[in-house]
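This briefing sets out selected features of the structure shown below.

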Amino acid sequence: MAPVFGVASAATCKPDFSITVSPTALTIVKGGAGASIGVGFKSICGLSGTINFGVHGVTPSASQTCNNKGVCTSNGLAFHQCCYDLPLKANGGTGNSIHVNATTSTLATTYQIKITGINIQGGCCYGITHSANVTMTVNSCCVPSFTISANPTSITVPAGQAANSAITATGTGNYTGTIYYSTVISGGFCSTSTYCSDSCGVTAWNPTLSATTTSVTSSLSCSFDPSLIPKGTYSVLVTTNCYCNTVPSRSVTITVTEA
């Protein structure tokens, strides 16, 4: 009688589960907001159980220092999770997350974090264990960002003559990205008129910063048409795009005199 391959395959399928983590590598900053590691579990061959999960090892391990009052401080990572036991249905999936922070006392280095799930429900599959690793780098500083500066910040020119200033973008914390400049003109006549909107421009208006190109200088040039814009003192705010708490900007004051 010929073997029934489908039956044989089914008979050798043993209930189990798999574990996944995401991301598998990330970077945080000492004293910063921290990050979340997603942890997922999937039933294999009909396993139904309860998965207890958490961090079961960190390399290098933390050490503590204590002062003369018995107050101790750890130089390790801080982990938080809302729950530890997750029900797993047969052929289904489940998951949650672990949040990790680096305090100001945390050692700045690269850590290997071992996250483990254990089936703690009785029956055939009690004690089945699987683990996954996450590489986490802790930097002393800083949140990648950039600043901009202007030189000069105060200019006086006759009407119709161009006012120029050097705008320099400088990256911090290994910032990588393209900056897009825009200008806003205010003060006197320009606070209520649309004639001023095209009076200033920045070249190059889209410089790119990287780990190797940490500073780029562009040119701000403003020319006020004397037939449309009277003499006076105007403020030119050079702004940039930035998905951060504070948008880098720099103000340049331009005084336009009679021609």
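A residue is called buried under 20% relative accessible area, exposed over 50% and partly exposed in between, with a 1.4 Å probe and protein chains only. By this rule Tyr234 is buried, with a relative accessible area of 2%. The model is predicted, so local features need pLDDT of at least 70 and side-chain atom pairs count only at pLDDT 80 or more, while totals for chains, interfaces and linings use all residues. Residues are numbered from 1 along each chain as its sequence is written, and side-chain values use heavy atoms, leaving out hydrogens and water.

**Aromatic pairs**

- Rings of Phe, Tyr and Trp (its six-membered ring) pair if their centres lie within 6.5 Å; planes under 30 degrees apart count as stacked, over 60 as edge-to-face and the rest as tilted.
- The count under this rule comes to 5 aromatic pairs.
- Phe41 and Phe53 form an edge-to-face pair, because their ring centres are 5.9 Å apart and their planes stand at 70°.
- This pair ties together parts that are 12 residues apart in sequence, since Phe41 lies in strand S3 (residues 35-44) and Phe53 in strand S4.
- Strands (E, at least two residues) are DSSP runs, numbered from the N terminus.
- Phe41 is buried at a relative accessible area of 3%, and Phe53 is buried at 1%.
- Phe224 and Tyr234 are stacked, with 5.2 Å centre to centre and 20° between the planes.
- Phe224 lies in the loop between strand S19 (215-222) and strand S20 (232-240) and Tyr234 in strand S20, so the pair links parts that are 10 residues apart in sequence.
- Phe224 is likewise buried, with a relative accessible area of 2%.
- Ring pairs also join Phe17, Phe41 and Phe53 into a cluster.

**Open sheet**

- An open sheet is formed by 4 strands in the order S1-S3-S9-S7, with antiparallel pairing; two strands pair if DSSP finds at least two bridges between them.
- Strand S1 (16-22) and strand S7 (78-80) stand at the edges with a single partner strand each, so one side of each has no neighbour in the sheet.
- S7 and strand S9 (residues 93-101) run antiparallel and are joined by 3 bridges.
- In this pairing, Ala78 stands opposite Asn101 in S9.

**Surroundings of Thr50**

- Thr50 belongs to strand S4 (residues 49-59).
- Beyond its neighbours within four places in sequence, Thr50 is in contact (heavy atoms within 4.5 Å) with residues including Asp85, Pro87, Ile118 and Gln121.
- The side chains of Thr50 and Gln121 are joined by a polar contact of 3.2 Å. Such a contact is a pair of N or O atoms within 3.5 Å; within protein, one must be able to donate a hydrogen and the other to accept it, and residues adjacent in sequence count only if both atoms are side-chain atoms.
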